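Please keep the sequence and the model open while working through them.

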Amino acid sequence: MLPASWKAGWRAWVFASLLPCLASPAWAEQPDRTQAALMSGSPRLAGFALMRDRPAGRAPLLARLLHHEGMLRDARPQPVLLSRHLTARPLLRWDDNINGGIPGESLTVGGIDLTVSPESRARGGLVLGLAASAGARYRLAPGRVLRLAGQATAVYSPRHDLSRQDLGLGACLAQHLGEWRFVDLCGGYAFGRTDLSESHLAWTGLRGTRLFEAAGALHEMSLGLRQTWRKDYRQAFADLSLGSAVSGIGAVGLQLSAGERVAGHNAIRYRAGLSLTRPVGNRPVTLGIGWQREEGSAVFGTPRRDDVRTLGIEVALTPKFTLLLAGQRRSSTVPMYDENRVMLDVRWR
């Protein structure tokens, strides 16, 4: 874990890390909305921008994007393999809570101090590991695409002799409804293991998406319902996301979620995130802020409610090398769960 003086000033430390980037003359670059859409990470928004703004040389990229969405027809029999990938890369990461432990060392109940066992406390440090991902897209019918994806990571902390493994599998059936409207039926499974615990999460979701132009910007709006199942409870969510390509500003992303209350479990109730991606020195830089509310359980009769706030920056230093730096603060009504974290992730694409 970081020293107490560092914990108290994590937000200032992260802001200080951002200042060289924000003060750079390159930050004053003014992307047009097509550039912003291409940096958004959404193939649909990128294709919509190329169709609307018709920049020179757009045809090959636009054809690829429409092809991947199953929007281009040809005489080949169905199903058709549209694309596939298989990648593996090393991981180098700093995490203040590798094992998912309890941040605090003690809890006061009725004037009595209870000590958290050393084995259950959070451990932080440098981790090394490997990440792998695979995926494929199939066109099942005109405008209907099946997307399959999987990813796995394994990391190890030499300092603490701790390990962590994560696995995720997902599938989506996407249907183009005409114009720029889509519906996606998705499902997946995620598994995580640390030295202290295991987690299992299964989910399904239905989402409708529409792309449109308003106020001089291009937008992709999605509304969805999602059901999750964990080992000991299930929970439903309503989700809203809006991605916008704004000339002179960049790619702006907004995500909102609301989950049903689950009695007896500290479950996510509300989540909000805002991000901005724009070019700095001809490389995309993303700034993001987030907030999450968790509640529903009690510790020795004290209702627990946690607010988690996150601030981060992701910088593409080269086409193959990305740096992610984030600070996170958890404030809980049960003090032993209060936590400040700094996360540093070096990513090779």
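1. Is Asp-161 buried or exposed? The model is predicted, and in it Asp-161 has a relative accessible area of 51%. Asp-161 therefore counts as exposed, since the cut-off for that word is over 50%.

2. The backbone at Asp-161 also deserves attention. Asp-161 is not a glycine, yet its phi is positive, at about 55 degrees. Its place is in the loop between strand 5 (144-157) and strand 6.

3. Asn-282 also has a positive phi, of about 65 degrees, without being a glycine. The loop that holds Asn-282 runs between strand 12 (267-280) and strand 13 (283-299). With a relative accessibility of 68%, Asn-282 is exposed.

4. Turning to the rings, the count of aromatic pairs comes to three. One of them joins Phe-48 and Trp-180 in an edge-to-face arrangement, with 5.4 Å from centre to centre and 65 degrees between the planes. Phe-48 belongs to helix 4 (residues 43-53), while Trp-180 belongs to the loop between strand 6 (162-178) and strand 7 (181-193), so this pair ties together parts that lie 132 residues apart in sequence. Phe-48 and Trp-180 are both buried.

5. Phe-48 and Trp-180 form one aromatic cluster with Phe-182. Over the ring of Phe-182 sits the charged end of Arg-44, at 4.0 Å from the ring centre.

6. A further charge over a ring involves Arg-304, which lies over the face of Tyr-337. Here the distance to the ring centre is 3.6 Å.

Conventions
Residues are numbered from 1 along each chain as its sequence is written. This is a predicted model: local features need pLDDT of at least 70, side-chain atom pairs count only at pLDDT 80 or more; totals for chains, interfaces and linings use all residues. Side-chain values use heavy atoms; hydrogens and water are left out. Rings of Phe, Tyr and Trp (its six-membered ring) pair if their centres lie within 6.5 Å; planes under 30 degrees apart count as stacked, over 60 as edge-to-face and the rest as tilted. Helices (H or I, at least four residues) and strands (E, at least two) are DSSP runs, numbered from the N terminus. Buried means under 20% relative accessible area, exposed over 50%, partly exposed in between (1.4 Å probe, protein chains only). A charge sits over a ring if NZ of Lys or CZ of Arg is within 6 Å of the ring centre and within 35 degrees of the ring normal.
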